[in-house]
Amino acid sequence: MVNLLVLSGCEKSSDDPVIPPAKPDGVTWTDDQWKTIQTLHQVDDQNYLYEMNCLFDYKLDEVLKANSDNLVSLFDAIKNVILPDSETDFTELLRPNMNSIYKYCGGCTCFSANGRNGGYVMGRNYDFPPKDDHTMIVHTPQVKDANGKVVRYATVGTADMGILTQFMDEELGYRTTRMQELTLYAPYFILDGMNEAGLMSGLMVLEYDGTHQTTPGKPNLTNAMITRIILDRCATVREAIDMLQQFNIISIFQISESTVPWIDMHFEFADKSGDRAVIEWTQNSMQILTGEKLKNEPRTQDPKYPTIHAQKGDNYVIATNYYLSKDAMEFPEDQALSSEMGFWRHDVVDSLLYLKQSVTSQEAMDICHAARIMKNDPDCIEKMKILLILDPTLDIDNKLSWPWITIWSSVYNNEDMSVLFCSREDFEHRYKLSL
């Protein structure tokens, strides 16, 4: 039985954890930052899913001026802009734990399809280690300039706070000032979302040499910040592509301490007109995949590698964790295909969407359920063989120990501007909220 729980914006319920009305002593937060923290509330009953309304100016342009080229330097840049006097330094947690983050990497599945009642829907599973257990739904308001022109769209998106909270060991959760301060970083790390113009975005991990563009005169944009800037400033897929071409794209996980292949990402975009695209980077060159370019082609007949099936239908777009561009076929097979995954999940989504001309948000969530990452997923079985070499103590019979679960599932609908959420594979409880 599916339980649909309708939420209205960021209103709290009496069962939510209470953040005291008085600002804690000793913090350096602005009044708007404190008001933002006060909107934080728990959505689910498992202490995993939270919602927050961002009421402070997160000064995106100032953060971008730092030209960050990895996750640690990006956290430093954010702190210097929004919390310059804070004594909390989250990079102290990041630096010694970078290999732990990289070692297990992640999965993810994303698809966009025609909506049943008009518009389009984007469904997305975010797959990552179980310890990665704090998901934040972040709302940001529209901003206009002095002449009344919209310079930042209203957005709703999802941030993965667990990349840090898994190392913080805060039993009191967001009742502590350190955890509360961490929420102010959430608007910068949006991994999927939608804006008021109906543009939707989702990112998926790729495990191959990370993008590192170096065109003179272009500022850096780490791929972890792509969804943030695109949803803030773009109304269409075409505008998103034009925006990305203004930057040197840098993989957030390029760092010398990493013991696994650098992690890249590709992105799926869909807008209200029905324009859809997957953007990825091969050999530091941006690939724009639309229409027939999204048809997968077999790269090898070698039986030791997964079979890549072409997408059956042409009225939807699917992206998981392998490159779709033809240029990727030229990658050395022992480096590319052996580290890619998502073939099985792609085929599951493809087979279900092929049967439908359109889907409702609930049907899209059902597809997310079918495509959740599972222990018997052939991709996972192969991946675990590699991980056991890296970590022989890994208990693959204990789901809380093995590398991935579906941390969250989200469905964005740009017809009624709604979002449907499920947390940690609990598909019986579905949370619906609006932009």
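This is a predicted model: local features need pLDDT of at least 70, side-chain atom pairs count only at pLDDT 80 or more; totals for chains, interfaces and linings use all residues.
Colleague: What is the mean pLDDT of the chain?

Modeller: The mean is 83, and 76% of the residues reach 70 or more, where pLDDT is the predictor's confidence in each residue, from 0 to 100. Over residues 10-17 the value is below 50, and this stretch has 15 contacts in the model beyond near neighbours in sequence; a contact means heavy atoms within 4.5 Å. Residues 255-261 also stay under 50, with ten contacts beyond four places in sequence.

Colleague: How many helices and strands does the chain have?

Modeller: There are eleven helices and 20 strands. Helices (H or I, at least four residues) and strands (E, at least two) are DSSP runs, numbered from the N terminus.

Colleague: Why is glutamate 87 called exposed?

Modeller: Its relative accessibility is 83%, and exposed means over 50%, buried under 20%, and partly exposed in between (1.4 Å probe, protein chains only). Glutamate 87 therefore counts as exposed. It sits in the loop between helix H3 (71-82) and helix H4 (91-104). Valine 27 is 60 residues away from glutamate 87 in sequence, with 8.6 Å between the two C-alpha atoms.

Colleague: Why is threonine 135 called buried?

Modeller: The relative accessible area of threonine 135 is 2%, so it is buried. This residue belongs to strand S6 (residues 135-140). Leaving out residues up to four places away in sequence, threonine 135 touches Tyr48, Leu49, Tyr50, Thr158, Ala159, Ile407 and Trp408.

Colleague: What makes strand S18 (residues 405-413) largely enclosed by the rest of the structure?

Modeller: Nine of its nine residues are buried, so S18 is largely enclosed.

Colleague: How do you know that strand S5 (residues 120-128) joins S18?

Modeller: Two strands pair if DSSP finds at least two bridges between them. S5 and S18 have eight, and they run antiparallel; tyrosine 126 stands opposite tryptophan 408 in S18. S18 is also joined by six bridges to strand S19 (residues 418-423), again antiparallel. There, serine 409 has cysteine 422 in S19 as its bridge partner.

Colleague: Which residue takes a positive phi in the hairpin of S18 and S19?

Modeller: Methionine 417 does, with a value near 55 degrees, and the hairpin has four residues between its strands. Methionine 417 has a relative accessible area of 14%, so it is buried. Asparagine 47 is not a glycine either, and its phi is positive, about 70 degrees. With a relative accessible area of 36%, asparagine 47 is partly exposed; its loop runs between strand S2 (41-42) and strand S3 (49-53).

Colleague: Why are the buried residues of H8 said to line one face of the helix?

Modeller: The buried residues of helix H8 (residues 237-244) are Val237, Ala240, Ile241, Met243 and Leu244. Seen down the axis of H8, they fall within an arc of 160 degrees, so they line one face; the arc is that of the directions from the helix axis to the C-beta atoms. Their packing partners include helix H7 (226-233) and strand S14 (263-270).

Colleague: Which residues of strand S17 (residues 316-319) point one way, and which the other way?

Modeller: Tyr316 and Ile318 point one way, Val317 and Ala319 the other, and all are buried. In a regular strand the side chains alternate between the two faces of the sheet. Four bridges join S17 to strand S4 (residues 109-114), running antiparallel, and cysteine 110 has alanine 319 as its bridge partner in S17.

Colleague: How many disulfides does a search of the whole structure find?

Modeller: A disulfide is a pair of cysteine sulfur atoms within 2.5 Å, and the search finds zero. Cysteine 54 has a relative accessible area of 0%, so it is buried. Cysteine 108 is buried too, at 0%.

Conventions: Residues are numbered from 1 along each chain as its sequence is written. Side-chain values use heavy atoms; hydrogens and water are left out.
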